[in-house]
Amino acid sequence: WARQSLHFSLASHSNLEWLPQEVVLFADGLLEQSVEVELATGASWLGMDVVRLGRSAAGETLGRGCWRSRLRIRRLGPGIPRWELVDLVDISAANLATEHGMAGQAVLGTLVWAAPDPLAGDALAELLADGRRDRQGLEGAMGCGALEQGLIARYRGPSSQAARFWFTRLWARIRAAQGL
């Protein structure tokens, strides 16, 4: 197994965007990644992850490989720490073809924004509606939804480029909502 472990601890009112390049997991590759985020009061974290399971252009799939991801975001502050998101993903041969897995698609992407403060109901609803409209013209299945304090978006499809285009559109809208 190859393992990557990241830990981000953000001070009060800080802002971090984690936007790495796409990961390409070769056939029979074994990759486990863990991202832990701790947010002090008023801190914001935006993270994106795009993974290609096999080198599709060469006709390769994940094969007997496995990709595991664990993303945990915890808010600190007055009182007891609160989990904003705990997201565990395990993709292997057993769930490559299933509808509740990859449905035969090669690319999985996730974008998460843990906002610095709760968004007003209308602002979050508008951001989600705009994000859903931004999917137009892109191939793949895409969905986004609200977190208690932010949003999560997923992409599943054949195109890393489509995932990045959609996530970039969402990223621009989130930055605008933050006044950045």
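**Note on the helix pair, the sheet and the hairpins**

1. In this predicted model, helix 1 (residues 121–133) and helix 2 (residues 160–178) approach each other with their axes coming within 10 Å, and those axes cross at roughly 155 degrees. Because an angle over 145 degrees counts as roughly antiparallel, helix 1 is to be described as roughly antiparallel to helix 2. The crossing in which helix 1 passes helix 2 is right-handed.

2. The contact between these two helices can be read residue by residue. From helix 1 the contributing residues are Leu127, Asp130 and Gly131, and they meet Trp166, Leu170, Arg173 and Ile174 of helix 2. Sorted by class, the contact of helix 1 with helix 2 comprises 4 nonpolar, 1 polar and 2 charged residues.

3. Turning to the strands, an open sheet is formed by 4 strands in the order 1-4-6-7, and its pairing is mixed. Strand 1 (2–10) and strand 7 stand at the edges of this sheet, and each has a single partner strand, so one side of each is left without a neighbour in the sheet. On average, and with direction ignored, neighbouring strands of this sheet are turned by 5 degrees against each other.

4. Which way do strand 4 and strand 6 run relative to each other, parallel or antiparallel? Strand 4 (residues 30–39) runs parallel to strand 6, to which it is joined by 10 bridges. Within this part of the sheet, Glu38 stands opposite Arg74 in strand 6.

5. On its other pairing, strand 6 (residues 66–75) is joined to strand 7 (residues 82–92) by 10 bridges, and these two strands run antiparallel. One of the paired positions is Cys66, whose bridge partner in strand 7 is Ser92. Strand 6 and strand 7 form a hairpin that has 6 residues between the strands, and in its turn Gly77 has a positive phi of about 140 degrees.

6. As for the overall architecture, the protein holds 2 helices and 10 strands, and from the N terminus on its elements run β-β-β-β-β-β-β-β-α-β-β-α. The radius of gyration of the protein is 17 Å, close to the 16 Å that the globule rule gives for 180 residues, and the protein is therefore as compact as a globular protein of that length. Taken along the principal axes, the box filled by the C-alpha atoms of the protein is roughly 50 × 35 × 25 Å.

Conventions
Residues are numbered from 1 along each chain as its sequence is written. This is a predicted model: local features need pLDDT of at least 70, side-chain atom pairs count only at pLDDT 80 or more; totals for chains, interfaces and linings use all residues. Side-chain values use heavy atoms; hydrogens and water are left out. Axes are lines fitted to C-alpha atoms, for helices over the stretch in contact, and angles run from 0 to 180 degrees between N-to-C directions. Angles under 35 degrees count as roughly parallel, over 145 as roughly antiparallel, 65 to 115 as roughly perpendicular and the rest as oblique. A crossing is left-handed if the near helix is turned anticlockwise from the far one by less than a right angle, and right-handed if clockwise. Contact means heavy atoms within 4.5 Å. Ala, Val, Leu, Ile, Met, Phe, Trp, Tyr, Cys and Pro count as nonpolar, Asp, Glu, Lys and Arg as charged, and the others, Gly among them, as polar. Two strands pair if DSSP finds at least two bridges between them. The radius of gyration is taken over C-alpha atoms; the globule rule is 2.2 Å times the number of residues to the power 0.38.
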